[in-house]
Amino acid sequence: MATHARPGPLPRPAPAGRRVPELDPALVEQWRGGGGELVDLFTLARERLGGIAAFRLGPRPTVLVTDPPAVQHVLAHHPDRYVKRSHRARLLIGDGVLAATGEAWQRQRRLLQSQFTGPGMRRYEQRITGAARTTAARWAAYARTGEVFDVGEEMRRFALDTIWRSLTGHPLDPGTERELAAVPAVVAAMPSLPADVTAAQGAVAAELARIDAVAARAIAAARDGAAGPDGPGLLHVLTEAAGTRPEYTDRLIRDELVTLLVAGHETTASTLTWLYLLLDRNPDAREQALAPGPEGSAERRQAVQALVQEALRFYPSAWILPRCAAQDDELAGYRIEAGTDVLVCPYLTHRDAGLWADPELFDPGRFTTPGRRPAHPGSYYPFGLGPRACLGLQFALRESTVLLEHLLPAHLPRFRSRPDGAAYSITVRPDGPTPAVLGG
């Protein structure tokens, strides 16, 4: 009796397009041996191969994307094909909106979206201004006494005060400030933590416990209706959501709180610190920002905001945006197989001489003079693009601009020393202290 073999599954057709050009493995090994930063490997790949390039750090190639149309394809046009996997900061932020995916992310994003756009932003104006005035008063004291202070620490202090007022309605008190120093400590430790999740948690267990204790107290106060001097904060929105949305457990509210603390102060503090280091090398930019109009004028505000935008061009809030190809795709004529790691890098796009004239020149006029910056939206994306772009874009620009409007007319720090370089973690931050004194 004849038997017939059951046909096996049909082979999956290869995605259309050419193979992504891959960096010579010998160059990768040379980079490994030299102990360089990951950004050095990215720069080498882009210089050798262009805006879509591959390299191997493991058995499969990783694809680096810096070309503007390809950036927009990945982040804005097809976010369903290029998805986020486990966020590097999940150890700290848990299931907060930055790390969430799928339907959970959509629900969390919808709840927070209205808080950071249009009318939602207006409720935070008084809180941002209050934090800026507190910082301006400290700087006036530094100017009187000649005290040496750290610019980076001051920017972290301001940004943390701003987001704490926005979350709770209360100014940041000294005790909470001391406890929340654990947040940047965990962020700074992340690149060197063990790959094993349990071991990584153990390495920063004390810091995580301090953060959890602060979060638990703040959540309990919000549940008790303890609004601050400026009224209820964003934390009250989250606790009220728990009344109708069972997914908003105390744990998820904690994760959203910590996510907003990380995203709402670490990135802003880094941007403002870099800006002051850039102004130290380019002091005329300060005068040019103050010249267009008097205090409070729209013209001055636009010029001051351009300082922030140019600092973000140099040092974007997220210097790299990791994605994973959820399905086969064709990207700018190249084939991308499902499962491929794709790294979109605004840091390199923003420094591309083919897009930006004199990209290493600090020139805020790019953002005030029509035609001075590339037209393609994928050329400038310091907060990302598409549906997963940073929720706090307008908030970050507003708080940075308000602070500078308070500080720039009276003060420009003179640095006693400057950091040697940059540390590339979740953000790009100065790799060292930034001691300074204030002059007129």
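Two aromatic rings of Phe, Tyr or Trp count as a pair here if their centres lie within 6.5 Å. With that in hand, here are some close-ups of this predicted model.

**Figure 1. Ring pairs join five aromatic residues into a cluster.** The members are Phe42, Phe55, Trp319, Tyr347 and Tyr424. Across the model, the count comes to 17 aromatic pairs.

**Figure 2. Tyr142 and Phe149 form a stacked pair.** Their ring centres are 4.6 Å apart and the planes meet at 10 degrees, so the pair falls under the 30 degrees limit for stacking. Tyr142 is buried at 9% relative accessibility, and Phe149 is buried at 6%.

**Figure 3. Trp356 and Tyr380 meet edge-to-face.** Here the centres lie 6.0 Å apart, with the planes at 65 degrees. Both residues sit in the loop between H17 and H18, yet they are 24 residues apart, and the pair links distant parts of the chain. Trp356 is buried, with a relative accessible area of 1%, and Tyr380 also counts as buried, at 12%.

**Figure 4. The largest cavity has a volume of about 60 Å³.** Helices H14, H16 and H18 each supply at least two lining residues. Thr267, Val308 and Phe383 are among the residues that line this cavity. Five lining residues are nonpolar, five are polar and none is charged.

**Figure 5. The second largest cavity has a volume of about 30 Å³.** H14 gives the most to its lining, with four residues. The lining includes Trp274, Tyr315 and Thr427.

How values were computed
Residues numbered from 1 in each chain as written. Predicted model: local features only at pLDDT ≥ 70, side-chain atom pairs only at ≥ 80, totals over all residues. Heavy atoms only, no water. 1 Å grid on protein atoms, 1.4 Å probe; cavity = no way out; pocket = protein on both sides within 12 Å on 5 of 7 lines; lining within 4 Å. Points joined across faces, edges and corners; volume = space filled by probe spheres on them. Nonpolar A, V, L, I, M, F, W, Y, C, P; charged D, E, K, R; others polar. Phe/Tyr/Trp six-rings, centres within 6.5 Å; stacked < 30°, edge-to-face > 60°. Buried < 20%, exposed > 50% of the residue type's maximum accessible area, 1.4 Å probe, protein only.
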